[in-house]
Amino acid sequence: MAACGLVSRLDEGSPLPVIGDPLGVDAEALHAVVWVNACWFGPAEVVYDDPLYLDFSSWPRLAGTGAASVLGHHRRQAAGAALAAPQWRALGEKPVRALLTE
């Protein structure tokens, strides 16, 4: 309803309503401020720690710690890939301002 009233006032020759200029510049007039929830679709940068633990005290311990490090590396790499996969990520509420410049 308010949009229809604004259109009819503009058709009659009334100027656009001015909310106020938060920028303090005389050449610009702020006409609208709308808060939107912004999102984007894309990958994220994920850094995962990849330590390598080896025990050189004996051959069985070296083999055991090497195998455990390889399995842990695969698990951490899979978890990092899942976090970095492209998906919708929220950016939060952002103001969108409509400015008209003379």
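**Notebook: a look through the predicted model**

I started with the secondary structure, and the protein has 2 helices and 2 strands. Along the sequence I read the pattern α-β-α-β.

A note on ground rules: this is a predicted model, where local features need pLDDT of at least 70, side-chain atom pairs count only at pLDDT 80 or more, and totals for chains, interfaces and linings use all residues. Residues are numbered from 1 along each chain as its sequence is written, and side-chain values use heavy atoms, with hydrogens and water left out.

Next I looked up burial. Of the 102 residues, 9% are buried (under 20% relative accessible area, with exposed over 50% and partly exposed in between; 1.4 Å probe, protein chains only).

Then I checked contacts (heavy atoms within 4.5 Å). Among those between residues at least 6 apart in sequence, 70% join residues at least 24 apart.

The accessible surface comes to about 8100 Å² (Shrake-Rupley method, 1.4 Å probe; for residues, only the protein chains shown count as cover). Carbon and sulfur atoms hold 64% of that surface.

Where does Gly 72 sit? I found Gly 72 in helix α2, residues 59-84. Gly 72 counts as buried because its relative accessibility is 10%. Its C-alpha atom is 8.4 Å from that of Asp 50, 22 residues away along the chain.

My last stop was Val 96, in strand β2, residues 87-101. Its relative accessibility is 43%, so Val 96 counts as partly exposed.

Note on methods. Helices (H or I, at least four residues) and strands (E, at least two) are DSSP runs, numbered from the N terminus.
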